[in-house]
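Please look over the fold shown here.

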Amino acid sequence: SLVLSSLIIPSTVTYIPFGDDIVSFLLEALFMPVRLLYGVIPSRRNASSTSTHLRRASRMSILNQSLTERYIGYVKKPTDMQSAARSSIAFMCSVAFDIISAVTNPSKMKRWIEALSQFRAYLKISGIDAELGEGVTKPLMRGRLFCNLKILNDIQEVDIADRYDRVKECGQEDIEQEITDGTRIMRFATAAYGIDMIRSALDRSAACEVLQCEKKAIAFHTGIAEKDVKLIHVGEGGSMKVLRHFVAIDRESKSIIIALRGTLSISGALIDMQGMSCDFCHGKAHKGMAEMADNLWNVSSEKILKLFEREEFKDYGFTITGHSLGAGVASLLNIKCHVEELVGTRSVKCFVFAPPPVFCLHEDEERSQNITSSIQKAIADCVCYIHDNDCIPFLSVTFIRRLAYVLDAVDNKTQLMWPLQRFKIFWELQDIPQDIIESVKKTRKENLQRSLVEGESPLVAPARIVVWMIKNVDDNTFTGIGCKPETLRDLNIFVNQDMVTDHLPEQYENALDFLCN
């Protein structure tokens with residue numbers, strides 16, 4: 001048992017999330033009968049009962065010590081491939097645990113079914129169901145969808161190569177402070193995912209013992225003291241009520257930070273899917289994330305406010321951050337803090353990484369000057385970050401409808417082709433016909449003029465500026481540009497092979513580290 005533990009566990013813990021716990025449990029179960037028998041069978045027939053118990057205690061002590069010793073050693077900084085693999089495996093493990101908890105928890109399963117039913121009902125009422133059917137479902141069932149996506153990608157590569165120039169407001173030299181702040185705060189956003197995501201984003205070796213304790217792992221990755229991690233809220237198996245988050249003291253910036261986890265479970269994905277707009281702080285907001293912002297504050301506000309009451313934190317500000325789903329909720333919580341003065345007159349800052357569009361003001365609503373200035377102040381105190389081809393900052397009802405229409409335009413042409421011709425175009429053995437290119441361009445222009453459907457609002461990321469980190473694939477360097485969130489409304493979802501992997505937290509950390517250095 002000791003030999004197998006020493007050989008298997010160190011390599012497993014390095015590459016597989018939960019690997020140390022899984023392997024140690026299997027070894028424990030495998031050798032439990034042997035251990036018990038070896039401890040109770042005396043070596044001499046006349047051995048005393050006392051010596052038998054001593055031997056059994058000794059054997060159990062040795063095995064327990066061996067399981068403890070698995071923490072000795074270091075986990076090295078992962079390669080890019082290892083980092084992506086760990087993130088993917090961590091996501092799959094989280095989804096598996098989420099499904100298990102839903103199966104064993106009828107109330108959670110009921111919430112899942114209700115959320116899916118509401119989503120389906122909204123698609124039908126708004127007419128989006130029919131739009132997705134023409135652009136996505138029909139070509140998928142007839143085997144043309146992947147070819148259509150490849151064709152759209154090739155057209156976009158050429159047609160919108162200048163999209164960065166069209167939205168650029170300022171250069172990297174004008175957003176140096178935002179890059180510096182984001183480099184530090186992004187670590188808190190990553191840490192909100194938990195130990196396994198921290199492992200995938202390591203930029204230096206870490207003791208195994210550190211990466212076995214939630215508080216120690218958060219403190220290590222963020223560079224704060226373990227005692228300054230004040231609250232860790234973890235929903236069992238994922239939750240549709242309250243996002244996983246933690247609260248910590250950042251003495252360097254003199255602020256109390258709340259970091260919110262992004263999508264890492266089916267429960268989180270169901271919140272993302274509730275993208276229809278609802279009333280929120282005198283504006284319109286993403287329904288699922290607006291409800292989550294309210295729920296999160298109801299759960300953790302008491303402990304946060306008690307921290308502010310301490311004499312040592314009387315001059316501290318409040319910083320809100322998150323990645324993906326957590327970024328969307330964080331930006332709405334930021335607005336809520338400003339409008340409702342949840343932390344009084346303290347300074348409130350917000351740093352959001354890969355947030356989907358979540359908020360817009362009512363254009364025809366009469367608001368008091370105080371409310372208007374509060375919302376403007378909230379937007380001014382928020383900075384948004386996008387990494388290269390990440391698609392999540394462009395996921396809203398509006399952007400998805402546009403993508404459906406463009407894919408439908410491509411499919412209307414490819415359905416008339418012979419399969420062999422589609423095969424040649426897919427593998428770039430034949431050029432894309434000009435009529436397809438013209439059809440895509442025409443549909444893009446029409447998309448900008450389409451009327452909104454029920455539950456759709458022109459949502460944006462409520463931030464002062466967007467820091468867009470652009471990767472140069474030739475030498476793996478990055479360039480940062482600043483742009484206004486409103487200018488992103490006229491863009492489209494960029495179909496690209498990196499549109500998902502560019503969303504991973506470690507990718508954001510790597511890009512920010514490069515730009516900061």
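How many helices and strands are there in the protein chain? There are 19 helices and 13 strands, counted as DSSP runs numbered from the N terminus (helices H or I, at least four residues; strands E, at least two).

The model is predicted: local features need pLDDT of at least 70, side-chain atom pairs count only at pLDDT 80 or more, and totals for chains, interfaces and linings use all residues. Residues are numbered from 1 along each chain as its sequence is written, and side-chain values use heavy atoms, without hydrogens and water.

Of 517 residues, 53% count as buried (under 20% relative accessible area, 1.4 Å probe, protein chains only).

Three strands form an open sheet in the order 6-7-10, with antiparallel pairing (a pair needs at least two DSSP bridges). Strands 6 and 10 stand at the edges with a single partner strand each, so one side of each lacks a neighbour in the sheet. Three bridges join strand 7 to strand 10. Gly283 has Leu361 in strand 10 as its bridge partner.

| Strand | Residues |
|---|---|
| Strand 6 | 277-280 |
| Strand 7 | 283-286 |
| Strand 10 | 359-361 |

**Helix pair.** The axes of helix 4 (residues 80-103) and helix 5 (residues 106-126) come within 6 Å and cross at roughly 110 degrees. Axes are lines fitted to C-alpha atoms over the stretch in contact, with angles from 0 to 180 degrees between N-to-C directions. The two helices are therefore roughly perpendicular (65 to 115 degrees). Residues in contact (heavy atoms within 4.5 Å) include Asp98 and Ile99 in helix 4, and Lys108 and Trp112 in helix 5.

Note on methods:
Buried < 20%, exposed > 50% of the residue type's maximum accessible area, 1.4 Å probe, protein only. Parallel < 35°, antiparallel > 145°, perpendicular 65-115°, else oblique.
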